[in-house]
Amino acid sequence: MNRQQLIEQIKEKRTFLCVGLDPDIKKIPQCIINDCKEELEDGEEYDDSLAIMAFNQAIIDATAPYCVAYKPNLAFYESLGSMGLAAYEETVMYLHENYPNHFIIADAKRGDIGNTSAMYARSFFEGETQVDALTVAPYMGEDSVTPFLGYDDKWVILLALTSNKGSKDLQLTEDQNGERLFEKVLRVSQQWGTKDNMMYVVGATQGKMFEDIRQVVPDHFLLVPGVGAQGGSLEEVCKYGMNNDCGLLVNSSRGIIFASNGEDFAEVAAEKARELAEQMDEELQKVGL
């Protein structure tokens with residue numbers, strides 16, 4: 001999906017919500033697990049990946065009207081080995097087949113020497129389970145990032161300023177000229193990609209810091225985790241981070257997918273997504289979009 005198509009989806013659906021598909025098997029409702037076990041045929045054995053896939057499908061079907069993107073976090077799939085990875089691939093295929101206009105972000109935080117990055121890029125941007133975007137760590141420099149930028153209508157989402165407590169350990173440190181490390185990442189990386197193929201991760205809890213970020217990258221899209229369970233303010237993110245094209249994909253994971261652990265989990269997830277989408281519509285109206 002290219003930049004203009006993404007902007008059109010946001011305007012048409014009146015939302016810039018990204019739903020994080022982080023299916024922690026320890027939090028998946030027991031009713032899902034029970035249903036998967038009941039549906040097994042004679043001789044088949046239960047595997048947690050079955051519950052993950054059933055859970056993801058239900059969440060996707062419930063929230064699709066209220067979001068423009070999904071972000072599966074690879075750690076939650078890789079932790080279950082080959083069957084977990086199969087569930088990830090099935091999730092991506094389910095989105096391709098049923099919701100082809102939704103933007104898919106693989107949250108894998110890849111980044112390595114050039115030839116290794118090229119293989120990572122191939123695994124996420126080619127074949128039947130290709131995605132639209134991949135999160136990438138920038139700290140090995142240009143040659144570790146550029147292999148991901150060689151694909152039409154695919155995006156690199158660079159880690160810039162994250163919402164975790166440890167972000168201050170490196171990202172907020174200043175050099176002798178007073179430039180903070182995250183600002184250097186923003187400035188230097190613009191030599192590698194453009195607003196058409198590069199976004200940046202900026203945590204919702206950074207608040208007014210979005211103003212500083214927009215001074216360096218006024219036109220790029222920002223992927224913003226941390227709204228909801230992590231306490232980030234959607235209104236504050238929009239006040240300081242929204243641009244003339246919206247320029248935001250705001251992610252919510254736990255606050256939506258685990259809002260209920262009962263049989264109504266999908267309905268409650270839909271309600272939480274709808275509430276955020278309505279707030280986003282209001283924010284879009286404020287800037288005339």
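1. Helix α9 spans residues 181–189 and lies across β5 and β6. Its direction makes an angle of about 155 degrees with β5. The model is a predicted one. Helix α10, residues 209–216, lies across β5, β6, β7 and β8. Against β7, which covers 222–224, α10 runs at about 160 degrees.

2. The strands under these helices belong to a barrel. Eight strands close it, in the order β1-β2-β3-β4-β5-β6-β7-β8, with parallel pairing. On average, neighbouring strands of this sheet are turned by 30 degrees against each other, direction ignored.

3. Seven of its eight residues are buried, so β3 is mostly covered. On one side, β2 (residues 69–72) pairs with β3 in the parallel sense over two bridges. A69 stands opposite F103 of β3. Strand β4, residues 133–136, runs parallel to β3 and is joined to it by three bridges. In that pairing R110 stands opposite V136 of β4.

4. Next, the nonpolar core. The largest one holds 93 residues. Those with the most contacts inside it are F16, V19, F103, F124, L248, L249 and V250. Helix α13 gives the most to this core, with eight residues.

5. Leaving aside residues up to four places away in sequence, F124 touches L74, Y88, A106, A108, R110, T129, Q130, V131 and L134. R110, one of these contacts, is the residue that stands opposite V136 in β4.

6. Helix α1 covers residues 3–13, and R3, L6, I7, Q9 and I10 are buried in it. Why do these residues share a side of α1? They cover an arc of only 155 degrees around the axis, which puts them on the same side. The general rule is that an α-helix has 3.6 residues a turn, so residues three or four places apart point the same way. What covers the buried residues of α1 includes the strands β3 (103–110), β5 (155–161), β6 (198–202) and β8 (248–252), along with helix α13 (265–286).

7. Both ends of α1 have a local feature to check. At the start, a side-chain oxygen of N2 comes to within 3.2 Å of the backbone nitrogen of Q4. Just after the helix, R14 takes a positive phi of about 60 degrees.

8. Not counting residues up to four places away in sequence, E283 touches E235, C238 and M242.

9. R274 is also placed in α13. R274 counts as partly exposed because its relative accessibility is 26%, and partly exposed covers the range between the 20% limit for buried and the 50% limit for exposed. The C-alpha atoms of R274 and F125 are separated by 30 Å, and the two residues lie 149 residues apart along the chain.

Note on methods:
Residues numbered from 1 in each chain as written. Predicted model: local features only at pLDDT ≥ 70, side-chain atom pairs only at ≥ 80, totals over all residues. Heavy atoms only, no water. Buried < 20%, exposed > 50% of the residue type's maximum accessible area, 1.4 Å probe, protein only. Helix = DSSP H or I, 4+ residues; strand = E, 2+ residues; numbered from the N terminus. Arc of directions from axis to C-beta. Contact = heavy atoms within 4.5 Å. Polar contact = N/O pair within 3.5 Å; in protein donor to acceptor, adjacent residues only side chain to side chain. Pairing = 2+ DSSP bridges. Axes fitted to C-alpha atoms, helices over the stretch in contact; angles between N-to-C directions. Core = buried A, V, L, I, M, F, W, Y, C linked by side-chain atoms within 4.5 Å.
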